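Here are my notes for anyone opening this one for the first time. Keep the view beside you and take the points in order.

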Amino acid sequence: LRKGNVLISLNSEKLCVKDFEANITVLKTHSTTIKIGYEPIVHISSIRQSAKITNIENKISSKNTENDSILRTGDKATVRFQFRYRSEYIKPGNKILLAEGKVKIIGTITKIVSI
């Protein structure tokens, strides 16, 4: 047993998720470049694990800049994450927090990509 494990009924669907999508909003960044390949620590309920950004879609920029795949302060996007070390039990609707140094990102899990 480890921190973050959950107990479920034998009748419950068993979901150990490695990849998931979330709608996120970048509240604050510093000089960190948030793009594909960025590996922040993801906090979901009692889960705390490194996850890699593998895809960025539907970016809504807060400023009138070019439509690239780099996220800056105020941007919103649908981002696909992949847990780095082990699968976790998460469900759509769970809240997500990425807080690393001066980078602050919040969001909601929208889709489970792989089990």
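1. Counting contacts between residues at least 6 apart in sequence, 66% of them link residues at least 24 apart. Bear in mind that this is a predicted model.

2. How do the strands go together? They make a closed barrel of 6 strands with antiparallel pairing, in the order E1-E4-E3-E2-E5-E6. From one strand to the next, the twist averages 45°. As background, strands of a sheet pair through backbone hydrogen bonds, and they can do this either parallel or antiparallel.

3. Have a look at strand E4, residues 76–83. E4 runs antiparallel to E1, and 7 bridges join the two. Thr-25 is a handy place to check this pairing, as it stands opposite Lys-76 in E4. E4 is also joined to E3 by 7 bridges, again antiparallel. Here, Asn-55 stands opposite Arg-80 in E4.

4. Then go to the pairing of E2 with E5. E2 covers residues 41–44 and E5 covers residues 95–100, and they pair in the antiparallel sense over 2 bridges. To find the spot, pick His-43, whose bridge partner in E5 is Leu-97.

5. On to the inside. Buried residues account for 34% of the 115 residues in the protein. The largest nonpolar core has 25 residues. Which residues have the most contacts inside this core? They are Phe-20, Ile-44 and Phe-81. Strands E1 (19–28), E2, E3 (47–60), E4 (76–83), E5 and E6 (103–114) each give two or more residues to the core. In soluble globular proteins, nonpolar side chains tend to be buried together.

6. Phe-81 deserves a click of its own. Leaving aside neighbours within four places in sequence, Phe-81 is in contact with a list of residues that includes Phe-20, Ala-22 and Ile-24.

7. The accessible surface of the protein comes to about 7000 Å². Carbon and sulfur atoms hold 50% of that surface.

Key. Residues are numbered from 1 along each chain as its sequence is written. This is a predicted model: local features need pLDDT of at least 70, side-chain atom pairs count only at pLDDT 80 or more; totals for chains, interfaces and linings use all residues. Side-chain values use heavy atoms; hydrogens and water are left out. Buried means under 20% relative accessible area, exposed over 50%, partly exposed in between (1.4 Å probe, protein chains only). Contact means heavy atoms within 4.5 Å. Accessible areas come from the Shrake-Rupley method with a 1.4 Å probe; for residues, only the protein chains shown count as cover. Two strands pair if DSSP finds at least two bridges between them. Helices (H or I, at least four residues) and strands (E, at least two) are DSSP runs, numbered from the N terminus. Axes are lines fitted to C-alpha atoms, for helices over the stretch in contact, and angles run from 0 to 180 degrees between N-to-C directions. A nonpolar core is a set of buried Ala, Val, Leu, Ile, Met, Phe, Trp, Tyr and Cys residues joined through side-chain atoms within 4.5 Å.
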